[in-house]
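Here is my note on this structure, point by point. Keep the sequence and the 3D view side by side as you read.

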Amino acid sequence: MPAFILKRLLQALPVLLIVITASFFMVRLAPGDPFSQERALPVEVMKGLRTYYKLDQPLVTQYIEYLKNIAQGDFGPSFKYSGRTVTEIIGAGLPVTFELGAYALLIALLVGISSGVIASLRPNTWQDYVPMSLAMIGICLPSYVLGPLLVLIVGIWLEWLPVSGWGYIPGDKILPSVTMGFVYAAYISRLARGGMLEILSQDFIRTARAKGVSESMIVLRHALRGGMQPVISFMGPALAGLLGGSFVVETIFQIPGLGRYYVQAAFNRDYTLILGMTIFFAVLIVVFNLLADIVAAWMNPRLRSGKSAGG
Amino acid sequence: MDNARSSPSLWKDAWRRLSRNRLAMLGLCVLTVMVSLALLTPWIAPYSYSAQDLDLGATPPSGAHWLGTDAFGRDLLTLILYGSRVSLAVGFLATAVALTIGVLWGTVSGYAGGRTDAVMMRTVDILYALPFTIFIILLMVIFGRNMFLLFMAIGAVEWLTMARIVRGQVLGIRRQEYIEAAIVMGLPRSRIMYRHVLPNVLGVIIIYTTLTIPNVILLESFLSFLGLGIQPPQSSWGLLISYGVETMEEYPWLLFFPAATLSLTLFSLNFLGDGLRDALDPRAATD
C-alpha cells in the first residue's frame with residue numbers, strides 16, 4: 001500500500017508541473033502582454049507586481065521565481081484588488097466553498113446511494129423505474145437551470161426559503177446545497193445501482209442466500225462494499241466537478257466563495273488572481289483524485305498491483 | 001459495410017432492438033425535429049432575428065408570439081430557434097473534433113501496442129487529471145471569447161474518454177484471428193486499420209458520440225451562462241437561460257422555455273445514447 005501511494009504521488013507531480021507551466025506562460029504570453037501594458041493600474045499594484053514577478057528579469061527567471069514563491073504558498077498580489085494578495089482571497093473563499101461542497105456531497109451520497117441500492121434490489125419494477133427516472137431528470141437539469149427554478153418556485157413564489165447569501169439568514173444554505181448536490185445524487189444513484197446489480201449476481205451472494213443469510217444482511221454486509229466501487233471511483237471526478245459547480249451555484253445565490261471570485265476575476269481580467277486560482281484548483285483536483293484512488297485501492301486490493309483506477 | 005459477412009445482420013439486429021426501445025425512438029424523433037428546425041430557422045422563424053418592438057415590451061405567450069417576447073419586444077421562439085443553431089452547432093462540431101482526435105489516438109495506440117501504447121496512454125492519463133473546465137475559462141479570458149476557439153477547446157477536452165474506449169476495443173480486436181490472417185496476407189497497416197479494425201469499433205464509437213454531444217452542449221451552456229462562452233449578438237441556449245434568470249421574477253417564461261428546450265434536448269440525447277448502447281453492445285447493457 002505505501003508503494004502504491006508513493007507511485008500515485010509521483011504520477012501527480014508532472015500533472016501539477018504541466019498545469020503551472022501552461023497557465024503561467026499562457027497568461028504571460030497573452031496577446032498585449034497584460035503585465036507590461038501601461039494600463040490604468042494603481043501605482044502600488046504595479047510596484048507590487050514588479051517586485052513579485054521580477055519583471056526586469058528574463059521570462060524563464062521569472063518563471064522559476066514564481067515556482068519558488070508558490071511552493072511557499074505565496075501567489076503574489078491581485079491585479080484588481082489593490083492591497084490584497086491572491087493567497088488572502090483564496091483563504092477567504094475556501095472555507096465557504098468547502099462548506100457548500102461538503103453539504104452538497106453529503107446530500108448527493110445519502111440520496112444517491114440509498115436510491116441506487118433500492119433500485120438495484122428489484123430491477124425493472126417501479127421501485128427501479130422511479131428513482132432511475134428521477135436520476136435522468138437530475139442529469140438533464142444542469143445547476144444553472146435547477147438553481148433558478150428552485151429560487152423562483154421555493155424562494156419567490158412560495159417564500160419558504162431565502163434565496164441568496166451564505167450564513168446571513170437561517171436556512172439560506174439549503175437551496176444552494178440542494179442545487180449543487182442534486183446532479184451528483186443522480187450520477188451516484190446510477191453508479192450505485194449498476195455496481196450493486198453486478199455484485200448481487202455473483203456466486204458468493206448466491207452462496208450466502210443459499211445458506212439462509214437474511215436479505216438485509218446480504219446487502220449491508222456483503223454487497224455494499226463491492227457494489228460501491230464505481231461510486232468511489234467517481235468521487236475524484238465528482239469533487240473536481242463540485243468545484244466547477246461552485247462557479248454557477250455561488251453566482252446564482254451570491255455566495256462569497258472561490259467560484260464566485262474566479263468568475264469575477266475572469267470578468268475583471270484579473271490575471272494574477274486567475275493564474276493563482278487556476279493553479280490552486282489544479283492542486284485541489286489532483287489531491288482529490290489521489291485520495292479517491294487511494295480509497296479505491298484500500299477497498300479493492302486488486303487495484304493496487306494493476307493500473308491506476310481511472311474515471 | 002462490406003467488411004464482414006455478419007455485418008449487415010448485426011446492424012439490422014441493432015436497429016430492431018433500438019426501434020423496440022420507445023424512449024430511445026422518442027429521443028430520436030425529438031432530435032430529428034430539433035435539428036430540422038435549427039437548419040430551417042432562417043426560413044421558418046416567425047420573425048427576423050433582429051426584429052424588436054420596444055413599444056410591445058415583454059409579453060407572455062400569445063397567438064402572435066407563441067412563446068412570448070422579451071423586454072425588447074423580441075419574439076422568444078425566434079431567439080430560441082437561432083440559439084439552437086449555435087448550441088447544436090457547437091455540440092456537433094466540438095464532438096466531431098473530439099471524435100477525430102479520440103478515434104485516431106485510440107486506434108493507433110491500441111494497434112501499435114508496446115511502448116507507443118504506453119506513452120500515448122500515459123499522456124491521456126495525465127491530461128485526464130487536468131482541470132479542463134478551468135483551463136477553458138482561462139483560454140477564453142486570454143484569447144477573447146470567440147466561438148471557434150470555444151469548440152476547439154471543448155473538443156480538445158472531450159476526446160480523452162473516446163481515446164480510452166477505442167483503444168480498449170482495438171486491443172481486443174487485434175488479437176482476433178482474422179486480423180492475424182490479414183497481417184500474414186501482407187496487407188498494409190493502414191488498410192487493416194481502415195477495413196478491418198475500424199468497422200468493428202464503429203458501434204462503440206457511435207454510442208459514445210451520442211453520449212458526448214450532451215456533455216458538450218452542457219459545457220457550452222455552462223460557459224455561456226457565466227458570460228464566458230457565446231457572446232451577443234449571437235445567441236445560445238445558455239445565454240438565453242442567463243437572460244431569463246435576470247428577469248425571472250417578472251417574466252418567468254423567458255426562463256422556462258429556453259430551459260425546457262435545453263433539458264428536452266439533453267433528455268433525448270441521453271435516452272438515444274442509452275438505447276444505442278443496449279442495441280449495439282448488449283454485453284454492456286447492465287451498466
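1. First, a term. A residue counts as buried when its relative accessible area is under 20%, and as exposed when that area is over 50%; in between, the residue is partly exposed. By that rule, 51% of the 287 residues of chain B are buried. Keep in mind that this is a predicted model.

2. Now the overall build of chain B. The chain has ten helices and zero strands. Its C-alpha atoms fill a box of roughly 75 × 45 × 35 Å along the principal axes.

3. Contacts across the sequence deserve a look. Take the contacts in chain B between residues at least 6 apart in sequence: 70% of them join residues at least 24 apart.

4. Go to helix α2 of chain B, which spans 22–44. At its start, a side-chain oxygen of N21(B) comes to within 3.3 Å of the backbone nitrogen of L23(B). Further along, α2(B) has a kink of about 45 degrees at A38(B), shortly before the proline P42(B).

5. Which residues of α2(B) are buried? They are A24(B), G27(B), L31(B), M34(B), A38(B) and T41(B). So the kink residue A38(B) is on the buried list, as its relative accessible area is under 20%.

6. Now the surface. V33(B), L37(B), L39(B), L40(B), W43(B) and I44(B) make a nonpolar surface patch of about 630 Å². I44(B) sits in helix α2 of chain B. Is I44(B) buried or partly exposed? I44(B) is partly exposed, because its relative accessible area is 40%, which lies between the cut-offs of 20% and 50%.

7. Next, the loop between α2 and α3 (76–112) of chain B. T59(B) lies there. The side chain of T59(B) makes a polar contact with the side chain of T69(B), at 2.7 Å. Leaving out residues up to four places away in sequence, T59(B) touches G68(B), T69(B) and W253(B).

8. Last, G83(B) in helix α3 of chain B. Why does G83(B) count as buried? Its relative accessible area is 0%, and the cut-off is under 20%. Beyond its neighbours within four places in sequence, G83(B) is in contact with S235(B), S236(B) and W237(B). By contrast, I134(B) is 51 residues from G83(B) in sequence and 24 Å away in space, C-alpha to C-alpha.

Methods:
Residues are numbered from 1 along each chain as its sequence is written. Chains are lettered from A and ligands numbered from 1 in the order in which they are written. This is a predicted model: local features need pLDDT of at least 70, side-chain atom pairs count only at pLDDT 80 or more; totals for chains, interfaces and linings use all residues. Side-chain values use heavy atoms; hydrogens and water are left out. Helices (H or I, at least four residues) and strands (E, at least two) are DSSP runs, numbered from the N terminus. A polar contact is a pair of N or O atoms within 3.5 Å; within protein, one must be able to donate a hydrogen and the other to accept it, and residues adjacent in sequence count only if both atoms are side-chain atoms. Contact means heavy atoms within 4.5 Å. The bend at a residue is the angle between axes fitted to the seven residues ending there and the seven starting there. Buried means under 20% relative accessible area, exposed over 50%, partly exposed in between (1.4 Å probe, protein chains only). Patches are made of residues with over 30% relative accessible area and no salt bridge: like charges are joined within 9 Å, nonpolar side chains (Val, Leu, Ile, Met, Phe, Trp, Tyr) within 5 Å. Accessible areas come from the Shrake-Rupley method with a 1.4 Å probe; for residues, only the protein chains shown count as cover. A salt bridge is a side-chain nitrogen of Lys or Arg within 4 Å of a carboxyl oxygen of Asp or Glu.
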